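Here are my notes for you, point by point. Keep the picture open while you read, and find each piece as it comes up.

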Amino acid sequence: MKILVPVKRVIDFNVKVRVKTDGSGVDLANVKMSMNPFDEIAVEEAVRLKEGGKATEVIVVTIGPAKAEEQLRTAMAIGADRGILVKTDAPTDLGGVEPLAVAKMLKALVEKEKPDLVIMGKQSIDDDSNQTGQMLAALLGWPQGTFASKLDIESGSLKVTREVDGGLETLSLKTPAVITTDLRLNEPRYAKLPDIMKAKKKPMETIEPSALGVDIAPRLTIVKVVEPAKRKGGIKVKTVDELIDKLKNEAKVL
Amino acid sequence: MSILVLAEHDNKTLRPATLNVIGAAKNLGGEIHVLVAGAACGAVAEAAAKCEGVTKVLKADNAPLEHQLAEDIAPLLHEQGKNYSHILAPATTHGKNVLPRAAALLDVQQISDVIVIHDAETFDRPVYAGNAIATVKSSDKIKVMTVRTTNFDAVKNSGGSGVVETINAATPNTLSSFAGQELSKSERPELTAAKIVISGGRGVGSKENFAIIEKLADKLGAAVGASRAAVDAGYVPNDYQVGQTGKIVAPNLYIAIGISGAIQHLAGMKDSKIIVAINKDGEAPIFGIADYGLVGDLFQIIPELEGKL
């Protein structure tokens with residue numbers, strides 16, 4: 001079984017987000033960038049499937065700037081076999097390459113690479129859309145197992161446990177399929193130095209979006225990006241009695 | 001212009017989230033239709049038809065639709081949706097699962113988590129875990145969007161006089177099938193619709209200790225939530241999680257107990273009317289947004305609070 005894992009270069013989850021003063025977007029200049037955390041879980045899952053003898057090859061792909069090679073190398077240090085960079089200088093967070101366009105490019109890559117499974121993050125922590133996996137599944141006519149917290153591979157099918165609002169739901173999917181990862185699917189490993197060194201030598205291919213032959217023009221215009229209204233902190237109370245009094249007589253919520 | 005709303009239901013009752021989405025649809029102007037797809041879901045269709053502002057309900061009632069799998073619902077939305085200017089669903093796990101699949105079939109770039117509707121094509125949505133708000137304008141012919149229900153008032157579930165029209169449910173899909181579920185059973189109100197939410201974090205310390213949170217919640221008729229840390233630690237099931245990737249809540253009163261206030265958590269509750277934080281660490285970030293903070297040992301404070309209410 002061949003697995004394709006799309007990953008994205010995004011702002012590191014520890015970085016404080018700053019909105020540009022001209023309202024055009026979020027300031028990413030000189031900011032630490034990392035692999036989207038949900039995608040790391042996807043890479044880890046694919047690599048575990050390979051280590052468990054269920055998968056034969058793990059291909060990692062990203063759509064982004066030349067520097068996104070770093071995220072491909074990180075994925076290869078975790079254990080992916082090779083990488084594909086679809087190089088674009090268009091923004092990948094807001095007002096550039098949108099989820100539908102990403103899904104179309106991934107579809108073209110799937111047709112070329114013919115994986116049996118695509119595992120990807122359920123959403124990226126920059127634009128927070130939570131769309132690409134579902135869209136890719138739709139365009140391919142494949143089933144989807146979104147927000148997965150458990151994945152079992154059986155012959156010709158998959159059992160996917162999904163985190164849903166009411167609890168957990170398990171679906172049986174025919175392969176090929178698209179899986180999107182939730183937080184509790186696994187805990188990604190820290191790559192060891194020898195693996196990081198080895199990853200530098202793994203094959204990586206760079207292609208242009210135009211080579212994929214799909215229309216990636218944005219459908220949304222970013223009118224403006226602003227900081228949300230700040231919520232001000234209130235007061236500290238000293239006792240439970242004071243708290244109850246405030247909630248009853250000041251806030252009137254009890 | 002007409003709007004199609006995807007109903008959220010369990011084949012028996014219409015979930016309250018749908019009422020908020022209909023409320024959002026009213027901001028767009030135009031006729032509001034509701035798609036109810038399921039199995040033996042006639043009562044849901046009737047309930048949807050009675051909602052304020054709904055003029056028509058499309059009912060796709062077919063046994064294989066019982067679990068409303070994306071592979072079945074998205075083609076229905078694709079087929080029916082072509083006649084509409086807007087397709088809306090709540091930003092619940094169901095809406096998030098189904099709607100992007102339908103949007104791709106319609107060749108539309110979906111707009112996720114809409115919090116403000118400026119006009120028929122311009123919307124606000126949170127990005128970067130709510131650390132920025134983007135105003136976006138769509139050039140797609142059909143606008144497909146999920147709606148953050150806490151940002152829109154619910155319509156009344158009575159007074160409407162929509163007609164129920166039965167539509168052909170497409171042939172069931174052969175790609176996916178339902179294999180089981182573990183739903184949390186609770187007599188407490190639904191987390192996203194509760195007036196009071198009491199959440200516990202890592203500070204609660206164990207699954208057993210969570211009982212004191214639950215006891216307080218029951219005293220107040222509140223829903224119980226949790227931070228990601230508490231869910232990851234196994235204190236409570238995943239569906240308790242409040243935050244950026246969990247549930248978004250905006251109750252009248254949110255009590256955060258033993259929660260430090262990671263950005264991820266704040267993104268899910270900072271629109272609550274009144275926030276109370278109880279934490280032993282007076283420097284915890286949660287106090288920065290709480291209306292009332294109480295520093296101390298939760299194992300003393302919570303029983304005292306419960307006893308005095």
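1. Start where strand β13 of chain A (residues 235-237) pairs with strand β16 of chain B (residues 292-295): the two run parallel and share 3 bridges. To find the spot, look for A:I235, whose bridge partner in β16(B) is B:Y292. Bear in mind as you go that this is a predicted model.

2. Now widen the view. That pairing belongs to an open, parallel sheet of 6 strands, ordered β13(A)-β16(B)-β15(B)-β14(B)-β12(B)-β13(B). Careful with the names here: the edges are β13 of chain A and β13 of chain B (223-226), and each of them pairs on one side only. From one strand to the next, the twist averages 25°.

3. What packs on this sheet? Helix α6 of chain A (residues 240-250) does, touching β13 of chain A as well as β14 (253-257), β15 (274-279) and β16 of chain B. The direction of α6(A) makes about 170° with that of β16(B). Chain B brings a helix too: α8 (residues 298-308) lies across β14, β15 and β16 of chain B, at about 135° to β15(B).

4. Next, the interface as a whole. Here 84 residues of chain B are in contact with 77 residues of chain A. Between them the chains bury about 6,600 Å², with 55% of it on carbon and sulfur atoms. Out of the area that chain B buries against chain A, 13% comes from B:Q109, B:Y128 and B:Y292, more than from any other three residues.

5. The rule finds 6 salt bridges across the interface, and A:K104 with B:D107 form a salt bridge at 2.8 Å, N to O. Polar contacts link 51 residue pairs between the two chains.

6. β5(B) is joined to β9(B) (residues 143-147) by 2 bridges, and B:I111 has B:M145 as its bridge partner.

Terms used. Residues are numbered from 1 along each chain as its sequence is written. Chains are lettered from A and ligands numbered from 1 in the order in which they are written. This is a predicted model: local features need pLDDT of at least 70, side-chain atom pairs count only at pLDDT 80 or more; totals for chains, interfaces and linings use all residues. Side-chain values use heavy atoms; hydrogens and water are left out. Contact means heavy atoms within 4.5 Å. Buried area is the accessible area (1.4 Å probe) that two parts lose on being put together, summed over both. A salt bridge is a side-chain nitrogen of Lys or Arg within 4 Å of a carboxyl oxygen of Asp or Glu. A polar contact is a pair of N or O atoms within 3.5 Å; within protein, one must be able to donate a hydrogen and the other to accept it, and residues adjacent in sequence count only if both atoms are side-chain atoms. Two strands pair if DSSP finds at least two bridges between them. Helices (H or I, at least four residues) and strands (E, at least two) are DSSP runs, numbered from the N terminus. Axes are lines fitted to C-alpha atoms, for helices over the stretch in contact, and angles run from 0 to 180 degrees between N-to-C directions.
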